[in-house]
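Subject: Handover of a structure and notes on its findings

Dear colleague,

Please find the structure below, together with its sequence. I would be grateful if you could read the notes that follow with the structure open beside you.

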Amino acid sequence: MDFLRFVFSFLYVRNWYNGQMELSRSRVALFASALFLFMLAFTIIAILQAPIEYVVQP
């Protein structure tokens with residue numbers, strides 16, 4: 001758990017009242033939406049780079 005907290009430390013903010021670090025919902029939402037957009041872009045790029053096969057029917 002400490003390793004994930006270290007790697008994704010940019011998702012945490014310090015609580016004003018008790019001084020402990022906690023997840024920021026807005027940062028998690030932005031991170032998830034950016035991750036989704038990157039995956040969508042890579043999927044679209046992979047589909048568009050596939051070769052097109054033309055079949056001539058007699």
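The notes below begin with the confidence of the model and then turn to particular residues.

Please keep in mind that this is a predicted model. The mean pLDDT of the protein chain is 92, and 100% of the residues score at least 70. Which elements have the lowest and the highest mean pLDDT? Helix H1 has the lowest, at 87, and helix H2 has the highest, at 96.

Aromatic rings

A pair of aromatic rings is described by the distance of the centres and the angle of the planes. The count for this structure comes to three aromatic pairs. One of them joins Phe-8 and Phe-10: the ring centres are 6.2 Å apart and the planes stand at 65°, so this pair is edge-to-face. Another pair is formed by Phe-8 and Phe-31, and because its planes also stand at 65°, with the centres 5.7 Å apart, it is edge-to-face. The reasoning in each case rests on the angle, since planes over 60 degrees apart count as edge-to-face.

Where do the two partners Phe-8 and Phe-31 lie? Phe-8 belongs to the loop between helix H1 (2–7) and strand S1 (12–14), while Phe-31 belongs to helix H2, so the pair ties together parts that are 23 residues apart in sequence. Through ring pairs, Phe-8, Phe-10 and Phe-31 are linked into a cluster.

The relative accessible area is 30% for Phe-8, 42% for Phe-10 and 31% for Phe-31. These residues count as partly exposed because that class lies between the limits of 20% for buried and 50% for exposed.

- Arg-25 is found in helix H2 and is exposed, with a relative accessible area of 78%.
- Leu-30 is placed in helix H2 and counts as exposed, at 60% relative accessibility. Leu-30 and Trp-16 are 14 residues apart in sequence, and 22 Å separates their C-alpha atoms.
- Ile-44 has its place in helix H2 and is partly exposed, with a relative accessible area of 42%. Between the C-alpha atoms of Ile-44 and Ser-26 the distance is 27 Å, and these residues are 18 residues apart along the chain.

Is Ser-24 buried or exposed? Ser-24 counts as buried, because its relative accessibility is 11% and the limit for buried is under 20%. Ser-24 lies in the loop between strand S2 (21–23) and helix H2. When residues up to four places away in sequence are not counted, Ser-24 touches Leu-11 and Val-13.

Yours sincerely,

A colleague

Terms used
Residues are numbered from 1 along each chain as its sequence is written. This is a predicted model: local features need pLDDT of at least 70, side-chain atom pairs count only at pLDDT 80 or more; totals for chains, interfaces and linings use all residues. Side-chain values use heavy atoms; hydrogens and water are left out. Buried means under 20% relative accessible area, exposed over 50%, partly exposed in between (1.4 Å probe, protein chains only). Rings of Phe, Tyr and Trp (its six-membered ring) pair if their centres lie within 6.5 Å; planes under 30 degrees apart count as stacked, over 60 as edge-to-face and the rest as tilted. Helices (H or I, at least four residues) and strands (E, at least two) are DSSP runs, numbered from the N terminus. pLDDT is the predictor's confidence in each residue, from 0 to 100. Contact means heavy atoms within 4.5 Å.
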